[in-house]
Amino acid sequence: MLKSWKLKEIVLMSLFGVVFGIVYLLFIHLGNIWAGVIGPIAYEWMFGIWFIVSIISMYIIRKPGAALLPESMAAVIEVMLGNAVGPRLILSGIIQGLGAEAAFAATRYKHFNLFVLMLAGIGAAVFSFIYGYFVSGYAALDPSFVALMFTLRVLSGAIIAGVGGKYIADALLATGSLRGYAISRTDKGDARA
Amino acid sequence: MRVRESVFTLESVSFRFPDDSEKTLDNISFSIFRGERVVISGPSGCGKSTLLYLLNRLYPVNCDGMVSGNIFIFSKPAELYAPGEINHRIATVFQDPDSQFCMPTVEEELAFTLENLHVPFAGMETRMVEILELTGLADLRHANIQSLSGGMKQRVATACALIMKPEVLLLDEPISHLDPFTAKEFISWLDELQRQFDLTIVVVEHRLDAWETFFQREISMDGNGEIIADQDFSARRPILFPERVSAMSGETAISVTDLSVKLKEKMLLNSFSFKAKRGEIVAIAGPNGSGKSTLAKALCGIHKKSSGRIQSDGIGYVPQSPEYLFLTQSVKDELAFSGLASREELTELMERLGMDGIKEAHPFSVSHGQKRRVAIGAMLADKRPVLLMDEPTSGQDEAALYELFDLIDGRARDGSTVFIITHDMEFAASIADSVLLIKDGQLTGKFAARDVWQNEQLLAEHHLLPPKGVAKLAESFA
Amino acid sequence: MRNLLHDMNPSVKFGVVTVSMLAVAFFFNPWTPLLFWVSVLALQIALSRINWKIWLLFMLPFTLGAFGYLWTTVIFSAETGGTVIWSFAGLDVTDAQWTTALSLSFRVMAFSTLSLMFAFTTDPVKFIMSLMQQLKLSPKLAYGIMVGYQFLPVMKDEFIQIQQAHRLRGADTEKHWWQRLFSMRRVIIPMLAGAVRKAERSAFAMEARGFTGEARTAFYRPVQVGRTDFLLAGVFMLLLVGSCVGGVILSAP
């Protein structure tokens with residue numbers, strides 16, 4: 001799979017992961033402490049932020065793996081920085097990436113319109129929720145509470161990651177800095193597809 | 001006569017990027033021979049870097065570009081080399097000191113290079129020690145690369161190239177991000193190494209004056225990607241800027257008294273006091289890390305001052321990367337963002353700054369010079385008549401420097417006060433009315449410009465090279 | 001002795017930590033995670049040199065998180081029956097609910113301690129080198145990750161500079177979080193544009209030094225798996241199995 005990748009594309013995904021890592025660190029620590037106090041549900045609405053790098057990378061590079069790899073690489077970098085969530089972050093990164101990747105694979109990497117991007121956000125949300133269900137023991141919680149968490153996460157995946165990801169990638173495209181990447185080569189074909 | 005061995009031979013080579021309709025390189029032919037020191041010159045964007053990337057085989061694969069004609073490297077067609085095969089014989093140092101490393105420390109970066117070459121474990125240590133000695137970087141072996149100065153980073157990049165024992169060293173505008181003082185040191189260091197290693201050196205460069213007599217041969221290109229001359233190299237005089245008459249008026253525009261900035265008990269600026277008039281152009285100069293940027297940021301309010309007073313009509317700031325300031329998706333909106341200027345004022349301002357052609361463009365997609373124009377426009381539209389520009393001369397080619405000269409001169413004529421942080425005394429001598437010298441967070445003083453250029457000791461104390469243009473002038477008077 | 005955890009092969013350590021977490025996740029009794037938490041802590045005290053002040057600082061948010069887990073689980077736990085042990089504000093808490101709540105909270109503590117053990121005793125560069133040498137991670141990915149890692153401080157600085165520049169232009173007046181979420185675009189776009197530039201430059205620099213992404217034949221710093229690694233992994237597994245079995249026995253009615 002890696003044979004068809006240019007090094008500059010791989011490094012790009014890594015750096016995108018770093019950008020969103022920084023954004024997460026310095027921007028969205030909105031009341032991390034109270035999030036701790038009100039329990040796991042506090043994180044749900046912003047889960048999409050974790051998935052966004054998958055969606056942006058795939059939307060720009062359009063190669064199999066472009067959703068899985070950046071998410072996994074970003075997770076490894078987080079662990080290298082001593083992220084206190086630790087090694088299991090790598091596992092969750094891979095699983096989230098696979099979730100987003102699944103949506104693109106299901107459409108055979110042919111369509112990259114808003115619908116597919118939102119679907120990828122949802123894919124990442126569903127995969128990560130299944131993993132969380134197991135590791136964090138959601139099984140012990142009231143099913144209706146679990147359902148609420150699930151809905152929040154799916155919405156966050158679709159809106160923050162899917163819509164937000166497209167919004168950011170389109171804004172980046174407008175700056176003219178994505179010359180030479182797949183997104184600049186395909187013209188508006190997808191909007192029609 | 002000995003037959004000279006060809007390192008590169010190009011026969012009517014043309015090159016086009018897949019996204020472009022026009023060729024970047026057009027019908028290029030030349031041969032470069034072993035042991036030569038060649039410079040490929042031309043304005044920014046003329047395709048000289050592209051040409052260099054064809055010589056080290058980064059292109060065409062990396063950009064899916066279309067090449068026609070023949071390229072021979074060591075007399076073998078370039079396309080017959082496997083990926084990476086040629087790169088240890090032809091090493092490259094790039095332009096941007098900040099982004100040519102992948103490992104945290106010097107040692108790890110050198111090891112990365114050795115591992116790429118499949119050097120056996122037993123040979124690595126000796127080779128590393130040897131190269132660190134030869135390049136004088138032994139003390140930096142365990143240093144964190146990103147914490148080094150730009151000049152040191154370029155030396156580390158060169159050491160990483162030389163550890164491959166290359167036959168050819170390519171350099172892509174290696175001094176464009178260095179200040180003239182550091183650049184001069186780098187060039188004489190390189191000169192020494194070339195003799196030691198008996199290298200063939202090919203440099204892509206747009207500012208030749210700093211290189212003095214380093215080269216033997218110059219291949220010049222024009223803006224259309226064609227070769228216009230291939231001849232013996234002759235040392236260049238620094239760029240001559242037009243004579244200008246000071247626009248300084250009698251009215252004080254900014255007055256700073258006892259300004260100090262302290263950060264975590266560290267005195268970054270110690271009690272600065274100075275004034276500047278409307279229409280005055282002030283160069284701010286001093287060694288790296290002396291507090292120039294801190295001063296600029298403290299003046300415009302980004303950094304909190306610990307004590308002192310700043311009185312002015314409004315101070316604007318243009319960072320080295322002007323795009324940091326941009327908030328909107330078009331140049332027009334960028335100027336209108338704060339809503340402080342009326343529609344008439346904006347139209348007038350855009351006309352004055354020559355931005356009519358780019359009004360609708362995305363502020364990120366215009367050229368670097370134009371970005372700076374937009375940033376200045378935004379500051380003026382925000383009613384900040386005192387402008388601070390951080391290193392506007394860094395990495396600019398001749399045409400861009402003329403444009404910058406006109407831009408700054410024009411603003412002073414309009415009654416703005418312009419502070420320019422710069423290491424480039426050539427530029428400062430041509431435009432500044434006065435010079436603010438800073439060292440170790442202390443203000444040495446604000447001098448009338450003409451008093452500074454002859455004072456070599458004062459300049460040397462601040463790591464500055466005296467402007468050659470002025471030196472020439474003084475000689476002719478003597 | 002105190003170096004053992006620091007010198008342990010990072011890939012082996014990574015494997016041990018991951019396996020432990022996955023295994024403990026199967027248990028909903030309070031004793032298993034508690035026992036495991038205590039044993040990891042003991043191991044860390046015995047076999048590492050850690051600045052415990054910083055460690056405590058890092059543990060604080062997790063402790064709060066564990067508390068959050070405790071009460072959400074008490075209130076929102078699935079209907080499992082059991083006897084009511086106490087009532088509070090019209091809410092009945094059964095012993096079964098209380099047990100799961102305790103279990104999940106201890107799980108948070110155990111996992112956090114395990115994670116911090118990894119973070120505090122593992123050299124990041126050595127970790128990547130080990131992933132490449134032991135787990136056959138592709139060099140393209142490994143060095144791609146390294147580029148991101150070493151750029152992080154630079155880009156953090158860039159982020160701050162952009163924010164400062166925006167503040168100068170009066171663009172940070174948004175008070176509400178949704179406005180801030182939208183205004184993020186303004187900071188992210190220049191960062192991403194810069195990332196595109198940096199990625200290409202770094203990749204070119206690496207390729208110009210002969211990097212092709214193929215496997216390496218020799219390493220300057222070989223990372224090996226030795227007997228102590230097996231031994232340490234064995235100790236961890238023993239503690240893990242002990243905690244699992246012990247937990248089940250202790251919580252049997």
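Visitor: Let's start with where chains C and A meet. Which element of chain C gives the most residues to the side that touches chain A?
Guide: On this predicted model, 62 residues of chain C are in contact with 53 residues of chain A. The elements of chain C that give two or more residues to that side are α2, α4, α5, α6, α7 and α8. The one that gives the most, with 17 residues, is α8(C).

Visitor: And what are those residues on chain C's side like: how many are nonpolar, how many polar and how many charged?
Guide: We're still on the side of chain C that touches chain A. Its residues split into seven charged, 14 polar and, for the nonpolar ones, 41.

Visitor: How many residues of chain A are in contact with chain B?
Guide: On chain B's side, seven residues take part, and they divide into four polar, two nonpolar and one charged. Over on chain A, the number in contact with them is nine.

Visitor: What share of the residues of chain B count as buried?
Guide: To count as buried, a residue needs 20 or more other C-beta atoms within 10 Å of its own. Among the 478 residues of chain B, the share that makes it is 47%.

Visitor: How many residues of strand β1 of chain C are buried?
Guide: β1(C) pairs with strand β2 of chain C in the antiparallel sense, over four bridges. Even so, β1(C) is hardly covered: among its five residues, the count of buried ones is zero.

Visitor: Does C:L137 count as buried, exposed or partly exposed?
Guide: C:L137 sits in the loop between α6 and α7 of chain C. Setting aside residues up to four places away in sequence, it touches C:L131, C:M132 and C:A142. A residue needs 20 or more C-beta neighbours to be buried and 12 or fewer to be exposed. With 17 of them inside 10 Å, C:L137 is partly exposed.

Visitor: How far apart in space are C:L137 and C:L102?
Guide: In sequence, these two are 35 residues apart. From C-alpha to C-alpha, the distance in space is 38 Å.

Visitor: Last one: how many residues does the largest nonpolar core have?
Guide: Residues with the most contacts inside this core include A:F16, A:A120 and B:L388. A:A120, for example, is in contact with A:I55, A:F104 and A:G162, among others, leaving aside neighbours within four places in sequence. There's also a second, separate core of 41 residues, with C:V12 and C:A66 among them. The largest core has 226 residues.

Notes. Residues are numbered from 1 along each chain as its sequence is written. Chains are lettered from A and ligands numbered from 1 in the order in which they are written. This is a predicted model: local features need pLDDT of at least 70, side-chain atom pairs count only at pLDDT 80 or more; totals for chains, interfaces and linings use all residues. Two residues are in contact if their C-beta atoms, placed from the backbone, lie within 7 Å. Ala, Val, Leu, Ile, Met, Phe, Trp, Tyr, Cys and Pro count as nonpolar, Asp, Glu, Lys and Arg as charged, and the others, Gly among them, as polar. Two strands pair if DSSP finds at least two bridges between them. A nonpolar core is a set of buried Ala, Val, Leu, Ile, Met, Phe, Trp, Tyr and Cys residues joined through C-beta atoms within 7 Å.
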